[in-house]
Amino acid sequence: MFNLFKYPQLVTVISAFIALLLFVHFILLPVLERMDPDLELDKLASRIRFWWVILLGFLVGVIVGDKFLLILIAFICFLALKEFLSITPSRRADRRVLFFAYLTIPLQFYWIWIGWYGMFVVFIPVYVFLFLPLPMTLLGEPAGFLRALSLLIWIVMTAVFSLSHLGFLLVLPDSLNPAAGGIGLAFFLIVLVQVNDAAQFIFGGITKDRKVIPKLSASRTWSGLIGGLGLTVLVAWLLAPWLTPFSSIEAIWLGVLVAITGLIGYIVFTAIKRDLDFEDRGTMTPGHGGILNRIDSLVYTAPLFYHIITYLYP
Amino acid sequence: MIPLLRVFFFVCIVRPLIMIIIGLNVFDKRRLPLTGPAIIAPNHNSHLDTLTLLSVWPISKIDRVHPVAAADYFLSNPAMAWFSLNVIGIIPIERQKKDPLDDPLATSSEALERGDILIIFPEGSRGLPEIMDSFKSGISRLAERHPDVPIVPVFMHGLGKSLPKGDFVLVPFFCDVFIGEPVYWQGSVEATMAAYKTSMESLAAKCDAPAWE
């Protein structure tokens, strides 16, 4: 309970978001359903679920300590890796190699746990990259080797390496961000990314105009991009003094960067789903899919955000 | 005591394992019969099939759901026999008739009369992972005796990748469960099996799984 008073500003912001989410979940959503039963609200419901995980996760994280959040983020990496491996083709012979791919998660988060940045940042790009082929040569077969290997490396790089930067934000020293610590920075980033995602989707849905990438996505339009960017910058500017050491100008630039790189993440992952002939499985089924739809932008923004903050506040 | 143990085993061990490590996507869950008598007839890829299917029912219903399993395998030693009979709740079936007068379906038939839900794998054994084998006709022979009891075809994909026959390393993949429309006794064993096979093939076609060669 002690930590509850350590970052009072973070607790205030989380509480405000919980109040907002209660409103959306229990008042806005039923009203929308009542107004137009044909409205496809699955995507909204899926976003609401993810927001609950984020807000309650961070609330518990503030209370019991950020190590809990580290485990939660490791678990989200696991879900993302599992979904990615489940929707991509793989070779029968590589079944056990994929087991080694899962093992990268506990190791990667162990480096974060002990705060060893040097190992954290080279472990997957260097060591996993060099040595994961070994079990594949021993257990697998030569036909299709390079193809299977490249796919697996791309999956581990995005679902584990990129995403785990979110975890390293948590263990940044308090001196870097006296207002809300590393946990505040992680919360700030996740909120910006999710706000941007939702705003681009909603603005794009309201105004049907020219699409950013017509070949790939029908839901992301130029007005969606600009609306999302505006709202993200606004939220960044509002939250920055509560949660981060950023000045107003820095916060505005960060909002712009999150909006643009978030869109890049969305586009790349949409291209992957198109290639796999696999559109929005997460909303199609009531089950466990759909985590990739929620984290595609984070994969791109998390490393960038980490490097910006450590560059500006060394 | 033993029903409690069964509930504990499913609530504390099986469901967390299946939901967290594997992850289920159940399609057309409303077709799942919640009360018996009924025969659930899934394809068989992995030891996890039975536990996964049992996780689809609400916990309050599983005391009436019984997998029909090979006596020669699951009753082969006392510890496994106790666990299979009391915790998993299997109904043992003799795969090889010792006496030509024996009726291997008698225990299953009695269970249906009690109003239980039976899980019967018509492929008989797990076979090659993620490849459907030929079906044995036991489900039809039960349907012949109980023409009002529905056979519910269930197609599962993914567990053969997670834990195939002959391997002990569990690698997590999503499991998709497709539940079909019930099939009833069609007047002959062949016709019933054909109807079941057609239904399974259409369920398998709905599952566009990524290549696994």
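**Note on a salt-bridge network and a buried strand**

1. Asp28(B), Arg30(B), Arg31(B), Glu181(B) and Lys206(B) are linked in a network of salt bridges. The model is a predicted one, so every value below is computed from predicted coordinates.

2. Arg30(B) forms a salt bridge with Asp28(B). Their closest N and O atoms are 3.7 Å apart. The cut-off for a salt bridge is 4 Å, so the pair counts.

3. How buried or exposed are the two partners? Arg30(B) is exposed, with a relative accessible area of 66%. Asp28(B) counts as partly exposed, at 26% relative accessibility. Exposed means over 50%, so Arg30(B) falls in that class at 66%.

4. Glu181(B) counts as partly exposed, at 47% relative accessibility.

5. Why can such pairs form? Side chains of opposite charge can pair when their charged atoms come close.

6. The side chains of Asp94(A) and Arg91(A) meet at 2.8 Å, N to O. Is Asp94(A) buried or exposed? Asp94(A) is buried, with a relative accessible area of 2%. Arg91(A) is buried as well, with a relative accessible area of 10%. Buried means under 20%, so both residues qualify.

7. How many salt bridges does a search of the whole structure find? Over all chains, the search finds 11.

8. Now turn to strand β3 of chain B, residues 65-70. This strand is mostly covered. Of its 6 residues, 6 are buried.

9. Which strands pair with β3(B)? One of them is β5 of chain B, residues 117-119. β3(B) and β5(B) pair in the parallel sense over 3 bridges. Within this pairing, Pro67(B) has Ile119(B) as its bridge partner.

10. β4 of chain B, residues 91-93, is also joined to β3(B). These strands run parallel, and 3 bridges join them. Here the bridge partner of Ala69(B) is Pro92(B) in β4(B).

Conventions:
Residues numbered from 1 in each chain as written. Chains lettered and ligands numbered in written order. Predicted model: local features only at pLDDT ≥ 70, side-chain atom pairs only at ≥ 80, totals over all residues. Heavy atoms only, no water. Buried < 20%, exposed > 50% of the residue type's maximum accessible area, 1.4 Å probe, protein only. Helix = DSSP H or I, 4+ residues; strand = E, 2+ residues; numbered from the N terminus. Pairing = 2+ DSSP bridges.
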